[in-house]
Amino acid sequence: MSSESDCAECQGPRAATVTVAFVTVGVKRIEWKDGDTWKEGPALVPITQSVQLRVIADPTGASFPPLQPEWSSNPNLPEMQIPGPNKSVTPQAPDLYTLTATAGGSSADITVIAYSIRMLFPHGDPTVSATDWNNHSSDAANEGNEITFKSHNTQPKCTLTCEAEILPAAAEAILAPKVTWTVDNVGTIAATWSSSVTGNSGIGQGKELTATYQSQNGLPPNNDDFGRKNVTLSFNGQAIDSSDFEVFYLKYENNHPGPNQVPEGALSSTRSKNWFYYWNQVCGDPHAFFNSKTKDTTGETPAMRKWNYQTQGPAYDKRETWYDTRAGESLQRMMGGPLTDGIDCFATCVRHELVHVSQIQRADALLGALNGQAGTIWERGWSWNKAINNHVTPGPDGRLGIARFDDNHNAIIDDGLRPIEFLNGKSEFLAPQSDDVDLDTNDDGRPDGWMLGIEEEAQAAETIENHTFWTSDWGNPGKQHQTNRKYDD
Ligand SMILES: [Zn+2]
């Protein structure tokens with residue numbers, strides 16, 4: 001304030017008077033930069049990453065020169081030596097750091113939480129054999145990263161145990177709620193978390209928790225629904241760690257969601273096993289069935305093995321093949337081919353039986369228009385495993401035996417197309433004077449010209465190398481469970 005009136009004493013002009021307000025500028029608080037936003041503490045920073053700090057002066061304003069506060073930290077951080085209003089620190093070890101900025105007799109603190117968070121469970125590579133199950137840091141450990149739908153009822157479930165390592169432990173109460181988890185579905189089944197984000201049950205939350213897959217209607221329907229999945233750990237909404245795990249079914253249970261897969265005519269068979277249901281999607285056949293009552297062979301093609309002249313007897317679909325429990329185990333080769341086990345054994349059995357299906361088709365084709373003709377000996381096609389066969393077709397006269405002659409002496413001329421004539425052993429076929437065409441001149445059961453026997457040809461097709469299909473086997477035990485390429489672990 002000043003005035004310029006004359007001085008009463010000296011009559012001269014008055015001197016200007018100045019009043020100065022002394023204001024102390026001090027440290028008010030310290031802020032930290034979270035993305036683009038300045039916040040008050042505590043500051044969260046992953047170890048080895050930097051965080052920016054700034055001192056807010058009190059009062060603030062452009063008219064005040066910037067403070068040059070001194071810094072200190074407990075425990076010590078190396079960046080404390082240079083004074084100034086701005087500071088960037090890069091903690092190397094997880095801890096709770098108390099940083100203090102001091103200027104003009106005033107000071108403020110901020111807590112910097114330098115954290116280290118990683119996934120403890122699951123861990124390791126589930127695709128390699130488990131050799132070190134109890135070592136959390138071992139890549140070879142499979143413990144916890146291979147889970148199996150347990151219980152054989154229609155609501156099987158499996159549980160993944162998840163655990164995070166959160167350091168420093170002293171900040172766990174602050175950090176753990178910011179740790180969240182997501183996990184792949186198994187087919188259409190989403191995991192349920194034992195602890196989840198409020199309002200979102202699909203996101204797990206916390207340090208230790210479980211993700212449970214529970215089906216309401218049997219196991220997942222597709223082989224591809226099982227297998228490798230991913231679990232991701234996020235902090236503050238940002239993914240920071242992930243791990244793979246694998247999901248299996250119980251090989252010998254039968255709680256798959258498919259039909260029984262038991263063929264007609266084998267009703268005493270048990271419902272198909274899980275392995276049959278899933279492997280059949282990989283290396284099977286649409287007309288394959290499970291028949292636990294097949295006693296003397298791993299596989300069977302009933303339209304060949306159980307071939308029958310009788311129209312009233314069972315007529316099997318000529319594409320149908322049957323497999324029993326041994327088709328999922330280990331198969332010793334008869335023809336010197338590869339020894340196969342597990343899913344590759346099943347693939348080999350299917351390959352074998354499909355040769356028989358092919359043989360049926362090829363032999364039937366030789367009968368031409370006669371194949372399947374009702375009321376004739378070819379009604380069921382080429383005969384198999386019958387002492388008296390039907391491996392013949394009429395010559396140019398269109399009739400079996402001698403044309404216009406009662407070859408079998410039953411007072412009916414040219415009646416040899418009827419099964420009863422044939423079964424009575426009074427065949428008119430191939431009489432010396434007939435022009436019938438013999439399709440199996442040596443009566444060995446297979447058409448002339450086939451180089452290999454029925455079984456030999458099927459066995460020669462058993463060329464599948466063991467472990468061809470191992471990456472599609474999600475059975476427990478199985479070739480991806482625990483030890484790789486071992487079908488019975
Ligand atoms: Zn065979």
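These are my notebook entries on what I looked up in this predicted model.

**Ground rules.** I number residues from 1 along each chain as its sequence is written. As the model is predicted, local features need pLDDT of at least 70 and side-chain atom pairs count only at pLDDT 80 or more, while totals for chains, interfaces and linings use all residues.

**Confidence.** I checked pLDDT, the predictor's confidence in each residue, from 0 to 100. The chain averages 86, and 83% of the residues score at least 70. Residues 1-5 stay under 50, and the model has nine contacts for them beyond four places in sequence. I count a contact when two C-beta atoms, placed from the backbone, lie within 7 Å. Where pLDDT is low, the predicted coordinates should not be read in detail.

**Overall make-up.** I find six helices and 25 strands in the chain. Helices (H or I, at least four residues) and strands (E, at least two) are DSSP runs, numbered from the N terminus. Of the 489 residues, 37% are buried. Buried here is 20 or more other C-beta atoms within 10 Å of a residue's own, exposed is 12 or fewer, and partly exposed is in between, with C-beta atoms placed from the backbone. I also looked at contacts between residues at least 6 apart in sequence: 58% of them join residues at least 24 apart.

**Core.** Which residues touch the most other members of the largest nonpolar core? Out of 90 residues, they are Ala43, Val112, Tyr249, Tyr323 and Phe346. H4 gives the largest share of this core, 11 residues. Such a core is a set of buried Ala, Val, Leu, Ile, Met, Phe, Trp, Tyr and Cys residues joined through C-beta atoms within 7 Å. I followed alanine 43: leaving aside neighbours within four places in sequence, its contacts are Trp32, Val51, Ile110, Val112 and Ile113.

H4 (residues 343-366) has 24 residues and reaches 35 Å from first C-alpha to last, close to the expected 34 Å; the expected span is 1.5 Å times one less than the number of residues. H4 is mostly covered, with 17 of its 24 residues buried. Just after H4, I see glycine 368 with a positive phi of about 60 degrees. H2 (residues 274-283) is mostly covered too, with seven of its 10 residues buried. Among those buried are Trp275, Phe276 and Trp279. The buried residues of H2 pack against E17, E18, E20, H4 and E25.

**Asparagine 291.** This one sits in the loop between E18 (288-290) and E19 (299-300). Is asparagine 291 buried or exposed? I call asparagine 291 buried because 26 other C-beta atoms lie within 10 Å. Its C-alpha is 8.5 Å from that of serine 268, 23 residues apart along the chain.

**Strands.** I traced an open sheet of four strands, in the order E2-E1-E4-E6 with antiparallel pairing. E2 (37-40) and E6 (86-89) stand at the edges with a single partner strand each, so one side of each has no neighbour in the sheet. Strands count as paired if DSSP finds at least two bridges between them. E1 (residues 26-34) and E2 have four bridges, and glutamate 31 stands opposite glutamate 40. Elsewhere, E3 (residues 43-46) pairs parallel with E8 (residues 106-121) over four bridges. E7 (residues 95-103) runs antiparallel to E8, with nine bridges. In the E7 and E8 hairpin, with two residues between the strands, glycine 104 has a positive phi near 55 degrees.
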